[in-house]
Amino acid sequence: MSRHSGAREATRLDRRLEALNDARELAEGVLPDEALREVLQVLERAGSRRSLSGDHTVVGFFGATGSGKSSLFNAVSGSDIATTAARRPTTSEPLAGVWGVDGSEPLLDWLEVRSRHHAAPVEGFAGEDTGLILLDLPDFDSTRAANREVVQRMARLVDVLVWVLDPQKYADAALHHGFLAPLASHSAVTLVVLNQVDRLAAADVRPVLESLRGLLAGEGLGEVKVLAASALTGQGVDGVRTAIRKVVVQRKAQSQRLEADVSRASRELAEASGEGAAAGVRSASTARLADELAAAANVPVVVDAVARSYRLEAVRRTGWPVTRWLARFRPDPLRRLNLRRDEPAALNRTSLPPAGAPQRARADAAVREFADAAAAGASGPWRAAIRAAAREGRESLPDALDQAIAGTDLGANRKSWWWAAFNGAQWLALLAALAGLGWLAGLAALAYFQMPVPEPPRVEGWPVPTLMTAAGVVLGIFLAVTGRFIAAGGAAARAAAARRRLNAGVAAVAQALVVEPVEVEVARQAAFNAALKKAAG
């Protein structure tokens with residue numbers, strides 16, 4: 001492998017590892033902890049392996065009891081390494097044959113391989129410049145749990161896996177389901193050797209190999225190279241050496257193994273996540289949520305109070321002065337709700353009735369409907385996360401909505417321009433009526449005391465004092481009635497403006513407590529899917 005192609009592969013692997021870590025971080029709190037721990041272990045193993053010797057390729061020999069694994073290990077090594085170390089506890093401790101000792105010690109320490117043998121060069125296979133470490137491992141079907149743990153750990157750590165099978169147990173379910181099937185993405189760094197073919201009749205070798213290839217293909221390992229060999233007779237040993245050497249000299253095994261680990265972790269994370277993407281937040285759903293929350297927060301009650309308060313204030317300021325004082329005995333609807341005041345809104349609450357069961361149920365239903373619409377299309381875990389985000393602010397909604405209403409400018413203290421005009425006209429009319437009445441009273445008093453009564457001026461035959469009195473009363477009543485009609489229109493306009501402001505306040509609360517948390521989760525899932533796709537390569 002050239003230096004440039006190696007750099008490209010390292011960069012690609014860097015990107016995939018970074019994307020996998022991003023996906024893991026994004027999935028925290030959403031996907032099961034076990035799935036995330038597996039991903040973290042892959043990332044930690046990749047980081048550790050890449051910090052160690054890149055000039056060495058670690059090849060592990062795996063096999064069941066009686067498969068002739070150690071014998072094949074010796075045959076491929078060209079010396080009786082396993083036999084030489086016969087005093088070691090061969091059933092529980094891995095043994096390493098090393099070609100190229102320099103730089104191998106930290107790597108073997110990380111692998112926790114204590115039994116190490118400096119192997120002699122084998123022409124055409126390995127020498128000091130090869131950088132090869134062969135591991136003879138315990139039997140994967142050992143009755144000792146410690147042995148199985150060693151095999152399971154090594155299956156996750158070595159760069160290349162060589163599975164040594166025998167004609168009697170090559171279809172062992174424990175091997176296929178427990179080890180081979182989970183490594184379906186590792187075809188590039190997996191080699192399967194059918195050992196002990198000398199025990200088969202020549203005519204049976206090919207059918208057994210075809211049967212083995214069929215089993216592997218069914219487990220997603222159809223591209224794995226399958227070889228026949230006999231450690232006893234030496235048949236096929238050169239083929240095994242050639243296959244191992246080809247992997248070693250390409251210097252790709254480490255990155256291929258790690259990329260396969262990333263692919264497997266990505267696939268398992270995708271399975272834990274499930275397929276699908278959230279529909280996301282739609283403007284129609286947001287508007288419906290705000291409308292439902294406004295209704296649950298008694299916004300219609302406040303709007304009605306604004307209209308009635310305006311009409312009452314208009315009567316107090318533009319009604320007939322003779323009767324308008326009666327309006328002062330009628331309570332102001334906004335004051336009763338504690339919405340007409342001069343204090344800062346942050347220091348107050350409304351006196352609206354607390355939300356009852358129907359209102360709470362309506363608000364809950366609105367939040368749930370909004371979350372379901374946003375989560376539509378998402379897989380189970382992410383749908384649950386989106387719903388949880390929507391529910392998280394539900395407990396704060398009543399107080400936040402009340403504060404939003406309390407802080408809304410309802411225009412309650414603003415006066416309408418026409419009030420002053422009507423009020424002035426009313427008082428002028430009243431003064432005219434009183435002046436006329438006074439005039440008439442004076443004339444009556446003069447007549448009562450038998451004094452000369454001056455003739456009042458007339459207009460079209462009507463005495464001016466009489467006209468003044470009648471005109472003042474009629475004008476006052478006319479202005480009062482007209483003012484009520486104008487007040488109705490003004491009340492409707494002020495109520496509409498109040499409704500818009502209240503709805504905007506409720507929408508802001510919904511945005512902060514429900515919509516934004518949901519948008520965060522929707523964006524989180526989208527980022528997770530993108531990162532996972534990138535990690536999967």
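Tutor: Happy to! R257 counts as buried, because its relative accessibility is 3% (buried means under 20% relative accessible area, exposed over 50% and partly exposed in between, with a 1.4 Å probe and protein chains only). Before going further, keep in mind that this is a predicted model, in which local features need pLDDT of at least 70 and side-chain atom pairs count only at pLDDT 80 or more, while totals for chains, interfaces and linings use all residues. Residues are numbered from 1 along each chain as its sequence is written, and side-chain values use heavy atoms, with hydrogens and water left out.

R257 belongs to helix α10, residues 253-273 (helices are DSSP runs of H or I with at least four residues, strands are runs of E with at least two, and both are numbered from the N terminus). Leaving out residues up to four places away in sequence, R257 touches A155, R156, L157, V158, D159, L161, H186 and V189, where contact means heavy atoms within 4.5 Å. With R156 there is also a polar pairing: a polar atom of the R257 side chain lies 3.2 Å from the backbone oxygen of R156. A polar contact here is a pair of N or O atoms within 3.5 Å; within protein, one must be able to donate a hydrogen and the other to accept it, and residues adjacent in sequence count only if both atoms are side-chain atoms.

Now step back to the whole helix. α10 packs with helix α2 (residues 33-51), their axes coming within 10 Å and crossing at roughly 165 degrees (axes are lines fitted to C-alpha atoms, for helices over the stretch in contact, and angles run from 0 to 180 degrees between N-to-C directions). That makes α2 roughly antiparallel to α10, since angles over 145 degrees count as roughly antiparallel, under 35 as roughly parallel, 65 to 115 as roughly perpendicular and the rest as oblique. A35, L36, V39, V42, A46, R49 and R50 of α2 meet Q254, L258, D261, V262, A265, L269 and A272 of α10. Sorted by class, that contact holds 10 nonpolar, 1 polar and 3 charged residues (Ala, Val, Leu, Ile, Met, Phe, Trp, Tyr, Cys and Pro count as nonpolar, Asp, Glu, Lys and Arg as charged, and the others, Gly among them, as polar).

α10 also meets α18: the two axes come within 9 Å and cross at roughly 150 degrees, and α10 and α18 are therefore roughly antiparallel. On the α10 side the residues are V262, S266, L269, A270 and S273, and on the α18 side F528, L532 and A535. This contact has 6 nonpolar, 2 polar and no charged residues.

From α15 the contact uses W382, A385, I386, A389 and A390, and from α18 it uses L513, V514, P517, V518, E521, V522, R524, Q525 and F528. Its residues divide into 11 nonpolar, 1 polar and 2 charged. Elsewhere in α18 you will find A512, which is partly exposed, with a relative accessible area of 43%.
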